[in-house]
Amino acid sequence: MITYFPEVYPDELLYSQLARCYVKAGYPAYIYMAEDFFQDKKVRPDIEFINTLTPAALQIVTKNKTIEDIVLKHTMFPYYGCFISKERRNKAYQALIGMRGNYNNLLPKVKSCQERFLRYCPLCVKADRDKFGETFWHRNHQITGINVCPIHRCYLKNSEVVISAKASPILHHAEGVIPQKDNVEIVKDDIEYEVSEYVAAVFQSDLDMDSDIGVGEFLHSCMIGTRYLSARGKKRYMELLHEDFISYYEKLSENRITELWQLQKIFTNDRSNFVDVCLLAYFLKVPVDDLVNMKVPDVPQDEIFDAEIKRLHDKGLKYPEIAKRLGMSYDSVKTIGNGRYGIYQHRKENPQKGGVRVKDWTKLDDEYLLLVQKAIQRIENDESSMPKKITVIGIGRDVGLPEGSLRKMPKCKAEINNHSISQEQLWAKKVVWAVKKIQTEGQPLNWKQIRNLTNMRNENFQECKPYLEMYMDAEMAERIKELL
Ligand SMILES: [Zn+2]
């Protein structure tokens, strides 16, 4: 008989809740717990999903939450089901809420060459222990392909619990497995950290069960207006995209997409892995809300574009002028204007011919200078997020220039270099930003608060002290220096 079942913690795996129950309810052996909870007492408890529960267990597990909520918020279903087709997603969902084991055939398998373990973040563990007196298995930490805690910016750690179809049936509760003390390794690469935040935000969003838009079509439409798609929105410049994608993510500790065909498969809806899709979406600067509520334009881009050429032509503009305005070649504009597009298609939609001529670096340098200045200003004045370094790569990406272009544009490059700062200065700026935030929120000003907001270590703080006065008044700087 089931006498006890603990409340679930936010983002806790159902498996973790069951494991806590097993330890706390005082079962003399696991088999008694299994008899109470699982229809088949010999079943291996499913770490990521849900086993068939006994009627009594189902009743107690769903006392405060519906089975639907449990599947969506306490299993890994959103990770596996988010970007697959509507039909497949709903079949798997129904199988899960009906606790039928066949969901495994309905959800995509995530291949991993290494053995998988239940993972944890040492700082989340500490926070759980401070707050709840125990820790638990978080869903956020089990996203294959992401190795960073989105809250604490440190690397996740493997526990000794293997996620395997061969493991013997038992429930491992986090508190009993995770050590009391652990070293913490902060992630250096900003992109790796930001991606983990992005992926977690998508994962935690409400899953749109009714969406029948393919993620491939959606991401294709997100490239409208970028250099990865022809002006008429028909042709993808995959080599360019692949090259930029690889170099953007080169420092990630794990990136399963290295080949062009792998990216191509996302666009054809043949690759729907959660993290792969998120990496591409993040690279294309797709906001989280847009990715979880996917919509595609009602009118195809080529129609909009062709109509725009016609509109400008009707207004009396000549084709050379229209071509200049739309950044296309004269030939393409004229052909479209004359309604003959398609006949000479092989000659058009070439990124080297349309738009600005690649070799005209001096002209490009002048044209982009103002954009570069604006981008720098925007980053420097952005008080809503933690200060970032101004870098050639970052600004290039911000203004939409191909990787490496800025190196050939001396004026823009000089402007960026004038605004670059040392690591110690960046830390000082981060401290100033954190202090302002703490004060605005009326929180007590102490080192712990600053550390939590900036993830800086004591050494970083000591090293940045000489620079604090560059960014705040001397009196305040003195006060801050005395905090640690
Ligand atoms: Zn954490």
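Helix α19 has a kink of about 40°, centred on tyrosine 368. That is one detail of a predicted model, in which the protein has 26 helices and 2 strands. Of its 484 residues, 36% are buried, and its C-alpha trace spans about 85 × 65 × 35 Å along the principal axes. Here is a tour, starting with the overall layout and moving on to helices, cores and a few loop residues.

**Overall layout**

- The protein is divided into domain 1 (14–177), domain 2 (213–292), domain 3 (301–347), domain 4 (361–418) and domain 5 (423–481).

- Helix α19 covers residues 361–381, and at 1.5 Å a residue its 21 residues should span 30 Å; the end C-alpha atoms are 29 Å apart, which agrees.
- The kink is centred on tyrosine 368, and Tyr368 is also one of the buried residues of α19, along with Val372, Ala375 and Ile376.
- Turning to α21, its buried residues are Cys412, Glu415 and Ile416. Seen down the axis of α21, these buried residues fall within an arc of 95°, so they line one face of the helix.
- Pro410, Asn417 and Asn418 are exposed on the face of α21 turned away from its buried side.
- The buried residues of α21 are covered in turn by elements including α19 and α20.

- Helix α8 (residues 122–132) has Pro122, Cys124, Val125 and Asp128 as its buried residues. Viewed down the axis of α8, they fall within an arc of 160°, so they line one face of the helix.
- That buried set packs against β1 (117–120) and β2 (157–162).
- Asp130 and Lys131 are exposed on the other side of α8.

**Nonpolar cores**

- The largest nonpolar core has 83 residues, and Leu96, Val199, Cys278 and Leu279 are those with the most contacts inside it.
- Helix α14 (residues 274–283) gives the most to this core, with 9 residues.
- Domain 1 (14–177) and domain 2 (213–292) each supply at least three residues to this core.
- What does leucine 96 touch, once its neighbours within four places in sequence are left aside? Leucine 96 is in contact with Phe49, Ile50, Val71, Thr75, Phe77 and Tyr103.
- There is also a second, separate core of 13 residues, which includes Trp427, Ala434, Leu468 and Ala477.

**Loop residues to look at**

- Methionine 99 sits in the loop between α6 (86–97) and α7 (103–106). Although it is not a glycine, methionine 99 has a positive phi of about 55°.
- Asparagine 269 is in the loop between α13 (260–267) and α14. Its phi is also positive, near 60°, in a residue other than glycine.
- Asparagine 269 counts as partly exposed because it has 16 C-beta neighbours inside 10 Å.
- Glycine 214 is found in the loop between α10 (190–204) and α11 (215–222). With 20 other C-beta atoms within 10 Å, glycine 214 is buried, since 20 or more is the cut-off for that class.
- Glycine 214 and alanine 56 are 158 residues apart in sequence, and their C-alpha atoms are 40 Å apart in space.

Notes. Residues numbered from 1 in each chain as written. Predicted model: local features only at pLDDT ≥ 70, side-chain atom pairs only at ≥ 80, totals over all residues. Helix = DSSP H or I, 4+ residues; strand = E, 2+ residues; numbered from the N terminus. Expected span 1.5 Å × (residues − 1). Bend = angle between axes of the 7 residues up to and from the residue. Buried ≥ 20, exposed ≤ 12 C-beta atoms within 10 Å, placed from the backbone. Arc of directions from axis to C-beta. Contact = placed C-beta atoms within 7 Å. Core = buried A, V, L, I, M, F, W, Y, C linked by C-beta atoms within 7 Å. Domains from an automatic or database assignment.
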